[in-house]
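Thanks for coming. I will go through one structure this morning, starting with its strands and ending with its pockets.

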Amino acid sequence: MAALNSCLFECQVYHQRLAPKKHRFQNRCFFFYLDLDELPQLENRFTWFKTGRRAFYEFRESDHLPTPAGGLLKDRAIQAFKEQGLQEPIAKIGLLTNMRTLGYVFNPISLYFAFDAAGRCLGSLAQVENTFREMKVFPILNASSNLSDDPANTFSSERIKYFYVSPYSQLDQRFRFQVSPPGERIQCQVSSLAGEETLLDSGFRGEKRPLTDSQLVRLSLRYPLMTWQVIALIHWHALILWIKRLPLHLKESQLFNQRQVLRPRPDLQQFYAQQEARP
């Protein structure tokens, strides 16, 4: 049986809020990393994991990069890289993400990696999702040396969010992304900044594991019901921040600061339509 580029990453996730009040937590988890060219091979290779049909772990292309035109996820990802300014020819796309687990999926962040024909990583896209199931894509295309000794293998970017991620964050703050491509290890750091002040640091770092049924059993027992855990932890820590009396920023009051959102909920979609209708 041919070796796979697709694999798993067992990771340590951290989240540290620095202002206006401190709050920190960390936990362990695992992610799937999929070579999108291998999806047909993956369909019948595993007991626990399937693509496009029900299983304990299920991958659906429709859960990612929604566009009116549809089409294969690889083609949508290549188009997204081009729209974000990547001009070099792309041969392969890798995706780091969570699967549907017993039918449920939620991904605070998924990372796409573009590779040329020689296997060189050209950059990354971060697909950020909020609890309203909206998404926004952020490009991470600039070479950096902040996470790695090899700047050709590390990418960074800084963008104004203009996306509702948390009721405890303003939408005009900046995201700073720093990402190392998948190898034997992987790293991702996301900071939220207001002016020169870092308000929040979050991210993950992890090590590669083979994608096999035995590894899926081991990791599933160690980190059960991953996507259910993620959404539960988000609401639990949101409650703690509310108890700490952090200021709230309501989504409905900031529609004008929510831009280029994929899969917008009805009130935001209506706002976009009104903006387009203006002379």
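Which residue in E7 is the bridge partner of isoleucine 93? It is alanine 114.

Before I go on, some ground rules. This is a predicted model, in which local features need pLDDT of at least 70 and side-chain atom pairs count only at pLDDT 80 or more, while totals for chains, interfaces and linings use all residues. Residues are numbered from 1 along each chain as its sequence is written, and side-chain values use heavy atoms, with hydrogens and water left out. When I say helix or strand, I mean a DSSP run, numbered from the N terminus, of at least four residues for helices (H or I) and at least two for strands (E).

Back to E7, which covers residues 109–115. Strand E5, residues 92–97, pairs with E7 in the antiparallel sense over 5 bridges; pairing here requires at least two DSSP bridges between two strands. E7 also pairs with strand E8, residues 121–129, again antiparallel, over 7 bridges. Within that pairing, phenylalanine 113 is opposite serine 124 of E8. E7 and E8 make a hairpin with 5 residues between them, and glycine 119 in the turn has a positive phi of about 90 degrees.

Is E7 covered or open? It is mostly covered, with 7 of its 7 residues buried. Buried means under 20% relative accessible area, exposed over 50%, and partly exposed in between, with a 1.4 Å probe and protein chains only. Ile109, Leu111, Phe113 and Phe115 point one way from the strand, and Ser110, Tyr112 and Ala114 point the other way.

Next, another set of strands. E10, residues 142–143, is joined to E11, residues 155–160, by 2 bridges, and the two run antiparallel. Asparagine 142 is opposite serine 156 in E11. E11 then pairs with E12, residues 174–180, in the antiparallel sense over 6 bridges, and serine 157 has phenylalanine 177 in E12 as its bridge partner.

The structure holds 16 aromatic pairs, a pair being rings of Phe, Tyr or Trp (its six-membered ring) with centres within 6.5 Å, called stacked when the planes are under 30 degrees apart, edge-to-face over 60 and tilted for the rest. Why is the pair of phenylalanine 175 and phenylalanine 177 edge-to-face? Because the ring centres are 5.5 Å apart and the planes are at 65 degrees. Phenylalanine 175 counts as buried at 8% relative accessibility, and phenylalanine 177 is buried at 0%. The charged end of lysine 161 sits over the ring of phenylalanine 175, 5.3 Å from its centre; the criterion is NZ of Lys or CZ of Arg within 6 Å of the ring centre and within 35 degrees of the ring normal.

Last, the pockets. A pocket is an open set of points on a 1 Å grid over the protein atoms alone, where a 1.4 Å probe fits, with protein on both sides within 12 Å along at least five of seven lines; lining residues have an atom within 4 Å of a point. The largest pocket is lined by 48 residues, and His15, Phe25, Pro108, Val165 and Ile234 lie nearest its centre. Helix H4 gives the most to that lining, with 9 residues. In the second largest pocket, 15 residues form the lining, with Ala80, Glu83, Gln84, Val137 and Leu262 nearest the centre.
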